[in-house]
Amino acid sequence: MASTEPWLMENGIVKVLSKEIRHGRTAHNMSSSSLRKKSDLTLVSKIRFPCLRRCLANIQEVILGTKLSVLFPAIPLAIIGQCFGFAEPWVFALSLLGLTPLAERVSFLTEQIAFYTGPTVGGLLNATCGNATELIIAIFALYGRKIDVVKYSLLGSILSNLLLVLGTSLFCGGIANLRKEQKYDRKQADVNSLLLLLALLCHMLPLLFKYAAASSDITAKATLQLSRASSIVMLIGYFAYLVFQLWTHREFFEAQEDSEDDDDVTEETPVIGFWSGFAWLVGMTAIIALLSEFVVGTIEDASNSWGISVSFISIILLPIVGNAAEHAGAIIFAFKNKLDISLGVALGSATQIAVFVVPLCVIISWIMGITMDLNFNLLETGSLALAIIATAFTLQDGTSHYMKGFVLLLCYFVIGACFFVSNRPLDSDPNGVKMGLQSSTGTVFRA
């Protein structure tokens with residue numbers, strides 16, 4: 001096999017996976033691996049100069065080692081379009097397409113680095129970089145004072161994972177396995193559901209706190225303080241979740257593989273060296289940051305040009321395109337009746353965004369002197385609550401069929417239609433609802 005050639009390693013040594021590392025792979029890595037393809041290094045191996053040979057081998061493994069490599073040309077086209085003043089909707093679309101293979105390659109690189117660092121450090125690295133695209137887009141939106149875009153994009157990532165990805169996985173898996181009873185381990189789903197309910201509580205309290213007072217001006221500061229305190233609580237919960245996932249109860253989250261596939265897995269080896277993987281990871285993160293800046297800077301022009309609201313683009317389009325690789329992998333494993341991996345991708349990603357990325361953005365905005373709270377407005381918070389509740393009910397019995405997935409998909413389509421018809425301008429007051437009773441004289445009595 002080409003992947004076992006010694007010159008592929010920077011230290012000249014091929015490292016075979018131990019059983020602990022093999023069975024410590026996360027669902028996120030397993031999902032992304034479904035879109036990878038083996039590289040034919042026959043021609044590269046004939047090059048006589050070792051440095052050039054290693055360089056070309058790394059390029060072939062990293063750039064051409066994915067089925068999404070056809071989307072890489074969108075990256076230079078987006079940069080050229082931004083530099084030469086192309087229409088901003090085109091820059092937005094090209095940047096969004098360019099982010100798709102980059103997100104999958106980041107997962108690949110973190111897995112390659114985990115070969116050398118071990119499963120625990122690799123798990124921490126994957127937890128940090130698992131939703132790097134969403135975090136970077138959010139940071140650039142914060143820098144541009146586009147708080148609504150931050151909230152919309154993060155909310156959309158949670159909704160797409162809970163309803164679209166999970167719904168499609170359960171639906172397709174049920175259709176493909178009509179003659180089989182699909183089962184999954186409820187333990188992982190229960191932990192993720194609890195954390196999602198914690199996140200929902202932290203989102204609802206600032207919203208309810210605002211309505212509980214007589215004037216929103218009076219509660220503005222208190223709502224901000226409550227949001228920051230809640231964000232700290234969620235981050236503490238997330239770090240406890242990492243300890244639970246990577247140390248004390250690792251078996252709940254391991255992506256177990258079928259016994260018939262075990263022979264293929266035992267021969268798996270890294271295809272690039274540690275420092276090469278680290279350099280590629282830094283470089284691709286920088287490119288993600290550049291494209292994220294293009295996306296944030298052109299999203300409003302794209303909205304005006306296409307006649308679609310910013311909320312719909314941020315909540316629906318950004319998560320679907322940006323995480324297409326991860327989502328497709330989850331669906332592929334559902335077809336193979338490996339629902340534990342699909343659930344690990346959908347629920348794990350939603351949990352990470354809800355209890356890590358969102359509160360981290362609140363803390364970062366606090367450091368930057370920007371006002372961002374956890375009040376995601378009435379419509380958005382209601383959609384989040386119903387999505388979490390629907391998902392929790394769907395996963396309560398440990399079995400699945402296509403009807404469960406179909407209902408989740410219908411919920412997602414209804415929410416998407418809601419934000420499609422909603423054309424509220426940014427920075428408006430969507431909470432301008434009078435929560436009280438009005439007498440015949442026009443006096444408003446608040447509860």
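A salt bridge here is a side-chain nitrogen of Lys or Arg within 4 Å of a carboxyl oxygen of Asp or Glu. D185 and K187 make one, with their closest N and O atoms 3.1 Å apart. This is a predicted model, where local features need pLDDT of at least 70, side-chain atom pairs count only at pLDDT 80 or more, and totals for chains, interfaces and linings use all residues. Residues are numbered from 1 along each chain as its sequence is written, and side-chain values use heavy atoms, with hydrogens and water left out.

How exposed are the two partners? Take buried as under 20% relative accessible area, exposed as over 50%, and partly exposed as in between (1.4 Å probe, protein chains only). D185 has a relative accessible area of 27%, so it is partly exposed, and K187 is partly exposed too, at 38%.

## Bridges that span the chain

The structure holds six salt bridges. One of them pairs E300 with K146 at 3.5 Å, N to O. That pair links distant parts of the chain, 154 residues apart: E300 sits in helix α13, and K146 in the loop between α8 (132-143) and α9 (147-176). Helices here are DSSP runs of H or I with at least four residues, strands are runs of E with at least two, and both are numbered from the N terminus. K146 counts as buried because its relative accessibility is 17%, while E300, at 32%, counts as partly exposed.

Then there's D373 with K151, side chain to side chain at 3.0 Å, N to O. Here the separation is 222 residues, with D373 in the loop between α16 (339-368) and α17 (378-394) and K151 in helix α9. Both ends are tucked away: D373 is buried at 16%, and K151 is buried at 10%.

## Inside the fold

Overall, the protein has 18 helices and four strands, and 55% of its 447 residues count as buried. In soluble globular proteins, nonpolar side chains tend to be buried together. The largest nonpolar core in this model has 102 residues; such a core is a set of buried Ala, Val, Leu, Ile, Met, Phe, Trp, Tyr and Cys residues joined through side-chain atoms within 4.5 Å. Helix α16 gives the most to this core, with 17 residues.

F92, V150, L154, L162 and C361 have the most contacts inside the core. Leaving out residues up to four places away in sequence, F92 touches V295, T298, I299, A302, W306, I313 and L318, where contact means heavy atoms within 4.5 Å. Among contacts between residues at least 6 apart in sequence, 83% join residues at least 24 apart.

## Out at the surface

The protein exposes about 19,800 Å², with carbon and sulfur atoms supplying 66% of it (Shrake-Rupley method, 1.4 Å probe; for residues, only the protein chains shown count as cover). I175, L178, Y402, M403, F406, V407, L410 and F413 form a nonpolar surface patch with about 740 Å² of accessible area together. Patches use residues with over 30% relative accessible area and no salt bridge, joining like charges within 9 Å and nonpolar side chains (Val, Leu, Ile, Met, Phe, Trp, Tyr) within 5 Å.

Helix α18 (residues 402-421) gives the most to this patch, with six residues. V407 is found in that helix, α18, and counts as partly exposed at 39% relative accessibility.

Back on helix α13 (residues 274-306), there's N304, which counts as exposed at 64% relative accessibility. N304 and P89 are 215 residues apart in sequence, yet 9.0 Å apart in space, C-alpha to C-alpha.
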